[in-house]
Amino acid sequence: MSKVQELNFELMKLASFNEFDGEAVVKSLTEHSDLWSGAVMGRFGYSELIQLRDIPNNSWNVDTLMILSSGEDDQKLEELAKTWGADEVDWLSVEQTEQQLGSYPAKHKVLRIWWD
């Protein structure tokens with residue numbers, strides 16, 4: 001696992017809130033590393049600076065996990081994500097994936113997991 005991924009996982013652990021259990025999600029992803037190529041958590045598309053606002057309070061204010069599928073077993077990855085207590089689990093469309101990744105054509109799918 002890359003150092004960048006390890007750092008993202010450490011931030012996810014700090015972000016636990018409501019039904020999101022960062023420790024459990026990171027453990028689950030680590031145990032099923034064949035299903036994904038990368039995972040980042042943030043606030044995508046709105047209120048991105050809430051993270052900046054909350055840094056002095058030692059809070060990592062995020063709500064959406066994006067997972068780049070390895071293509072190994074997308075159905076299994078989605079089923080795994082549904083065990084994490086999220087409010088929404090869905091795949092980005094091909095068009096959204098290409099636009100967001102800047103990759104044409106998209107080689108892999110992106111799973112979006114959102115907690116309220």
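**Figure 1. Helices and strands of the chain.** This predicted model holds 5 helices and 4 strands (DSSP runs, H or I of at least four residues for helices and E of at least two for strands, numbered from the N terminus). Along the sequence they follow the pattern α-α-β-α-β-α-β-α-β. Residues are numbered from 1 along each chain as its sequence is written. Because the model is predicted, local features need pLDDT of at least 70 and side-chain atom pairs count only at pLDDT 80 or more, while totals for chains, interfaces and linings use all residues.

**Figure 2. Where α1 meets α2.** Let's look at helix α1 (residues 3-14) and helix α2 (residues 22-31), which pack at about 145 degrees with axes 7 Å apart (axes are lines fitted to C-alpha atoms over the stretch in contact; angles run from 0 to 180 degrees between N-to-C directions). From α1, F9, M12 and K13 meet G22, E23, V25, V26, L29 and T30 of α2 (contact: heavy atoms within 4.5 Å).

**Figure 3. The two faces of α2.** G22, V25, V26, S28 and L29 of α2 are buried (under 20% relative accessible area; exposed is over 50%, partly exposed in between, with a 1.4 Å probe and protein chains only). They sit on the same side of α2, because they cover an arc of only 160 degrees around the axis (taken from the directions from the helix axis to the C-beta atoms). Their cover includes α1, β1 (36-42), β2 (64-69) and α4 (74-81). On the face turned away from this buried side, you will find the exposed residues K27 and E31.

Technical notes: Heavy atoms only, no water.
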